[in-house]
Amino acid sequence: MDERLRDLIIRAEEARGFMPADEGLALHRHASEVTVDGPFLEVGSYCGKSALYLGAAAEARGRILYSVDHHRGSEENQPGWEWHEPDLVDPATGLMDTLPFFRQAIHGASLEGTVVAVVGESTAVAASWVTPLALLFIDGGHGSGPAHADYEGWVPHVAPGGILLIHDVFPDPADGGRPPFEIYNRALDSGAFTEVAATGSLRGLQRTGRGT
Ligand code: SAH
Ligand code: MG
(Lines give C-alpha, C1' and ligand atoms only; values in the text may rest on other atoms or scores of the structure.)
(Ligands and ions follow the chains in the order given, each with its own letter.)
Protein backbone atom coordinates (compact mmCIF):
# COMPACT_ATOMS: atom_id res chain seq x y z
CA MET A 1 0.00 0.00 0.00
CA ASP A 2 1.48 3.38 -0.91
CA GLU A 3 1.70 6.24 1.58
CA ARG A 4 -1.23 8.23 0.16
CA LEU A 5 -3.54 5.23 0.30
CA ARG A 6 -2.40 4.34 3.81
CA ASP A 7 -3.15 7.90 4.97
CA LEU A 8 -6.63 7.86 3.41
CA ILE A 9 -7.53 4.48 4.90
CA ILE A 10 -6.44 5.65 8.37
CA ARG A 11 -8.53 8.82 7.93
CA ALA A 12 -11.50 6.71 6.87
CA GLU A 13 -11.13 4.40 9.85
CA GLU A 14 -10.94 7.37 12.22
CA ALA A 15 -13.77 9.31 10.58
CA ARG A 16 -17.12 9.66 12.22
CA GLY A 17 -19.90 7.50 10.86
CA PHE A 18 -21.46 4.12 10.41
CA MET A 19 -19.02 1.87 8.57
CA PRO A 20 -17.11 -0.97 10.27
CA ALA A 21 -13.49 -1.21 9.09
CA ASP A 22 -13.85 -4.55 7.28
CA GLU A 23 -16.87 -3.28 5.34
CA GLY A 24 -15.10 0.01 4.56
CA LEU A 25 -12.12 -1.88 3.17
CA ALA A 26 -14.51 -3.97 1.09
CA LEU A 27 -16.04 -0.73 -0.28
CA HIS A 28 -12.56 0.41 -1.20
CA ARG A 29 -11.72 -2.89 -2.86
CA HIS A 30 -14.91 -2.93 -4.95
CA ALA A 31 -14.23 0.62 -6.11
CA SER A 32 -10.60 -0.23 -6.90
CA GLU A 33 -11.60 -3.23 -8.99
CA VAL A 34 -14.37 -1.63 -11.06
CA THR A 35 -13.87 -2.60 -14.69
CA VAL A 36 -16.21 -0.21 -16.51
CA ASP A 37 -15.99 3.52 -17.24
CA GLY A 38 -17.99 6.14 -15.42
CA PRO A 39 -18.20 7.95 -12.09
CA PHE A 40 -19.02 6.48 -8.68
CA LEU A 41 -22.04 7.64 -6.66
CA GLU A 42 -23.07 7.05 -3.06
CA VAL A 43 -26.39 7.85 -1.42
CA GLY A 44 -25.82 8.67 2.26
CA SER A 45 -22.76 10.86 2.92
CA TYR A 46 -23.32 11.62 6.63
CA CYS A 47 -19.91 12.83 7.92
CA GLY A 48 -17.88 11.38 5.05
CA LYS A 49 -16.69 8.03 6.34
CA SER A 50 -17.71 5.86 3.37
CA ALA A 51 -16.77 8.74 1.03
CA LEU A 52 -13.17 8.46 2.25
CA TYR A 53 -13.02 4.72 1.53
CA LEU A 54 -14.61 5.15 -1.91
CA GLY A 55 -12.83 8.44 -2.59
CA ALA A 56 -9.41 6.85 -2.02
CA ALA A 57 -10.18 4.41 -4.84
CA ALA A 58 -11.77 7.09 -7.02
CA GLU A 59 -8.64 9.24 -6.78
CA ALA A 60 -6.38 6.33 -7.69
CA ARG A 61 -8.60 5.42 -10.65
CA GLY A 62 -9.10 8.99 -11.88
CA ARG A 63 -12.85 8.86 -11.21
CA ILE A 64 -15.26 11.24 -9.50
CA LEU A 65 -17.33 10.17 -6.49
CA TYR A 66 -20.67 11.98 -6.20
CA SER A 67 -21.91 11.83 -2.62
CA VAL A 68 -25.64 12.55 -2.29
CA ASP A 69 -27.25 13.58 1.02
CA HIS A 70 -29.66 16.27 2.22
CA HIS A 71 -27.52 16.30 5.36
CA ARG A 72 -30.60 16.50 7.60
CA GLY A 73 -30.16 12.97 8.89
CA SER A 74 -32.29 9.87 8.53
CA GLU A 75 -35.25 9.10 10.77
CA GLU A 76 -33.05 7.15 13.18
CA ASN A 77 -30.63 10.11 13.48
CA GLN A 78 -33.30 12.55 14.75
CA PRO A 79 -33.53 13.68 18.41
CA GLY A 80 -35.00 10.91 20.54
CA TRP A 81 -34.02 8.13 18.10
CA GLU A 82 -31.39 5.45 18.52
CA TRP A 83 -28.61 6.91 16.35
CA HIS A 84 -28.89 10.60 17.28
CA GLU A 85 -25.70 12.62 17.87
CA PRO A 86 -26.68 15.95 19.50
CA ASP A 87 -23.62 17.92 18.36
CA LEU A 88 -24.76 17.45 14.75
CA VAL A 89 -27.74 19.73 15.32
CA ASP A 90 -27.33 23.26 13.86
CA PRO A 91 -28.40 25.62 16.67
CA ALA A 92 -29.50 28.26 14.14
CA THR A 93 -32.17 26.02 12.63
CA GLY A 94 -32.62 23.28 15.23
CA LEU A 95 -32.12 20.80 12.37
CA MET A 96 -29.37 18.28 11.87
CA ASP A 97 -26.61 19.45 9.56
CA THR A 98 -23.81 17.01 8.77
CA LEU A 99 -22.55 19.00 5.75
CA PRO A 100 -19.85 20.96 7.68
CA PHE A 101 -18.50 17.68 9.11
CA PHE A 102 -18.54 16.08 5.66
CA ARG A 103 -16.68 19.02 4.11
CA GLN A 104 -14.10 18.98 6.88
CA ALA A 105 -13.43 15.27 6.34
CA ILE A 106 -13.07 15.66 2.56
CA HIS A 107 -10.96 18.80 2.84
CA GLY A 108 -8.75 17.23 5.53
CA ALA A 109 -8.08 14.29 3.22
CA SER A 110 -7.34 16.60 0.25
CA LEU A 111 -10.06 14.84 -1.72
CA GLU A 112 -11.97 17.94 -2.82
CA GLY A 113 -10.93 17.34 -6.45
CA THR A 114 -12.36 13.83 -6.36
CA VAL A 115 -15.38 13.80 -4.03
CA VAL A 116 -18.28 16.04 -5.07
CA ALA A 117 -21.00 16.72 -2.49
CA VAL A 118 -24.48 16.75 -3.96
CA VAL A 119 -26.74 18.30 -1.33
CA GLY A 120 -30.40 17.45 -1.70
CA GLU A 121 -33.14 14.91 -1.49
CA SER A 122 -31.99 11.70 -3.15
CA THR A 123 -35.12 11.22 -5.27
CA ALA A 124 -34.94 14.81 -6.57
CA VAL A 125 -31.34 14.32 -7.72
CA ALA A 126 -32.04 10.87 -9.18
CA ALA A 127 -35.01 12.20 -11.16
CA SER A 128 -32.76 14.16 -13.52
CA TRP A 129 -29.63 12.00 -13.36
CA VAL A 130 -28.50 10.61 -16.74
CA THR A 131 -24.84 9.51 -16.45
CA PRO A 132 -24.21 5.73 -16.32
CA LEU A 133 -22.46 4.80 -13.07
CA ALA A 134 -19.50 2.45 -12.74
CA LEU A 135 -20.39 2.01 -9.07
CA LEU A 136 -23.45 2.82 -6.95
CA PHE A 137 -23.43 2.56 -3.14
CA ILE A 138 -26.83 2.77 -1.42
CA ASP A 139 -26.64 3.76 2.27
CA GLY A 140 -29.31 6.48 2.60
CA GLY A 141 -32.67 6.37 4.36
CA HIS A 142 -33.41 2.90 5.70
CA GLY A 143 -37.19 3.23 5.99
CA SER A 144 -39.26 1.38 3.40
CA GLY A 145 -40.16 4.53 1.42
CA PRO A 146 -36.63 5.98 1.06
CA ALA A 147 -34.90 2.63 0.48
CA HIS A 148 -37.26 1.54 -2.31
CA ALA A 149 -37.19 5.06 -3.80
CA ASP A 150 -33.38 4.89 -3.89
CA TYR A 151 -33.60 1.52 -5.61
CA GLU A 152 -36.04 2.81 -8.22
CA GLY A 153 -34.27 6.13 -8.74
CA TRP A 154 -30.65 5.04 -8.84
CA VAL A 155 -30.27 1.35 -9.74
CA PRO A 156 -31.33 1.90 -13.40
CA HIS A 157 -28.20 4.08 -13.76
CA VAL A 158 -25.73 1.28 -12.96
CA ALA A 159 -23.79 0.66 -16.19
CA PRO A 160 -23.53 -2.81 -17.75
CA GLY A 161 -20.78 -4.57 -15.78
CA GLY A 162 -21.00 -1.91 -13.06
CA ILE A 163 -21.17 -2.56 -9.33
CA LEU A 164 -24.13 -2.08 -6.99
CA LEU A 165 -23.30 -2.00 -3.27
CA ILE A 166 -25.99 -2.04 -0.60
CA HIS A 167 -25.29 -1.46 3.10
CA ASP A 168 -27.13 -2.73 6.18
CA VAL A 169 -28.47 -5.87 4.54
CA PHE A 170 -29.65 -8.11 7.36
CA PRO A 171 -31.16 -11.46 6.33
CA ASP A 172 -32.15 -12.07 9.99
CA PRO A 173 -34.74 -9.48 11.14
CA ALA A 174 -33.27 -9.72 14.66
CA ASP A 175 -30.12 -7.97 13.34
CA GLY A 176 -31.77 -4.91 11.78
CA GLY A 177 -34.46 -3.34 9.60
CA ARG A 178 -35.86 -4.97 6.46
CA PRO A 179 -35.78 -2.38 3.67
CA PRO A 180 -32.09 -2.70 2.68
CA PHE A 181 -32.55 -6.48 2.60
CA GLU A 182 -35.69 -6.01 0.49
CA ILE A 183 -33.96 -3.89 -2.13
CA TYR A 184 -31.03 -6.35 -2.22
CA ASN A 185 -33.59 -9.04 -3.03
CA ARG A 186 -35.20 -6.82 -5.64
CA ALA A 187 -31.85 -6.54 -7.39
CA LEU A 188 -31.32 -10.30 -7.35
CA ASP A 189 -34.92 -11.07 -8.35
CA SER A 190 -34.69 -8.65 -11.29
CA GLY A 191 -32.26 -11.07 -12.92
CA ALA A 192 -30.07 -8.09 -13.85
CA PHE A 193 -27.57 -8.51 -10.99
CA THR A 194 -25.29 -11.26 -9.74
CA GLU A 195 -23.89 -11.28 -6.23
CA VAL A 196 -20.10 -11.02 -6.24
CA ALA A 197 -19.24 -10.49 -2.56
CA ALA A 198 -20.61 -10.14 0.96
CA THR A 199 -18.77 -8.53 3.89
CA GLY A 200 -20.70 -8.06 7.13
CA SER A 201 -23.90 -6.25 6.12
CA LEU A 202 -22.41 -5.03 2.82
CA ARG A 203 -23.51 -6.81 -0.36
CA GLY A 204 -21.73 -6.42 -3.68
CA LEU A 205 -23.61 -7.11 -6.90
CA GLN A 206 -22.59 -6.75 -10.52
CA ARG A 207 -24.88 -5.81 -13.40
CA THR A 208 -24.80 -8.84 -15.66
CA GLY A 209 -28.15 -8.21 -17.36
CA ARG A 210 -30.62 -5.51 -18.32
CA GLY A 211 -33.41 -3.88 -16.33
CA THR A 212 -34.09 -3.53 -12.61
N1 SAH B 1 -22.39 6.26 4.51
C2 SAH B 1 -22.36 6.94 5.81
C3 SAH B 1 -23.62 6.74 6.64
C4 SAH B 1 -24.88 7.25 5.99
S5 SAH B 1 -26.18 7.46 7.16
C6 SAH B 1 -21.12 6.51 6.59
O7 SAH B 1 -20.24 5.83 6.03
O8 SAH B 1 -21.01 6.86 7.76
C9 SAH B 1 -27.54 7.82 6.11
C10 SAH B 1 -27.53 9.21 5.50
O11 SAH B 1 -28.57 9.23 4.53
C12 SAH B 1 -27.83 10.36 6.48
O13 SAH B 1 -26.75 11.27 6.48
C14 SAH B 1 -29.12 11.01 5.92
O15 SAH B 1 -29.13 12.42 5.97
C16 SAH B 1 -29.14 10.53 4.49
N17 SAH B 1 -30.48 10.44 3.91
C18 SAH B 1 -31.53 9.72 4.40
N19 SAH B 1 -32.59 9.84 3.59
C20 SAH B 1 -32.21 10.65 2.57
C21 SAH B 1 -32.88 11.16 1.40
N22 SAH B 1 -34.13 10.82 1.14
N23 SAH B 1 -32.20 11.98 0.58
C24 SAH B 1 -30.91 12.33 0.85
N25 SAH B 1 -30.22 11.86 1.91
C26 SAH B 1 -30.86 11.04 2.76
MG1 MG C 1 -25.18 2.05 6.64
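Colleague: Which polar backbone atom lies 2.8 Å from an oxygen atom of ligand 1, that is, to which residue does it belong?

Modeller: This is a predicted model. Among the closest of the 19 residues that surround ligand 1 are Gly-44, Ser-50 and Phe-18. The polar backbone atom 2.8 Å from an oxygen atom of the ligand belongs to Phe-18.

Colleague: How much of the area of ligand 1 does the protein bury?

Modeller: A polar side-chain atom of Asp-69 lies 2.7 Å from an oxygen atom of ligand 1, and a backbone N or O atom of Gly-73 lies 2.9 Å from an oxygen atom of this ligand. Taken alone, ligand 1 exposes 580 Å². Of that area, the protein buries 95%.

Colleague: How many polar residues does the shell around ligand 1 have?

Modeller: The space that ligand 1 takes is the largest pocket. In the shell around the ligand, 3 residues are nonpolar and 5 are charged. The polar residues there number 11.

Colleague: How many residues apart are Asp-139 and Asp-168, and where do they lie?

Modeller: Asp-139 is in the loop between strand S6 (133-138) and helix H6 (144-154), while Asp-168 is in the loop between strand S7 (158-166) and helix H7 (179-189). The pair thus links distant parts of the chain, 29 residues apart.

Key. Residues are numbered from 1 along each chain as its sequence is written. Chains are lettered from A and ligands numbered from 1 in the order in which they are written. This is a predicted model: local features need pLDDT of at least 70, side-chain atom pairs count only at pLDDT 80 or more; totals for chains, interfaces and linings use all residues. Side-chain values use heavy atoms; hydrogens and water are left out. A residue is near a molecule or strand if one of its heavy atoms lies within 4 Å of it. A polar contact is a pair of N or O atoms within 3.5 Å; within protein, one must be able to donate a hydrogen and the other to accept it, and residues adjacent in sequence count only if both atoms are side-chain atoms. Accessible areas come from the Shrake-Rupley method with a 1.4 Å probe; for residues, only the protein chains shown count as cover. On a 1 Å grid over the protein atoms alone, a cavity is a set of points where a 1.4 Å probe fits but cannot get out, and a pocket is an open set with protein on both sides within 12 Å along at least five of seven lines; lining residues have an atom within 4 Å of a point. A molecule sits in a cavity or pocket if more than half of its atoms lie within 2 Å of its grid points. Ala, Val, Leu, Ile, Met, Phe, Trp, Tyr, Cys and Pro count as nonpolar, Asp, Glu, Lys and Arg as charged, and the others, Gly among them, as polar. Helices (H or I, at least four residues) and strands (E, at least two) are DSSP runs, numbered from the N terminus.
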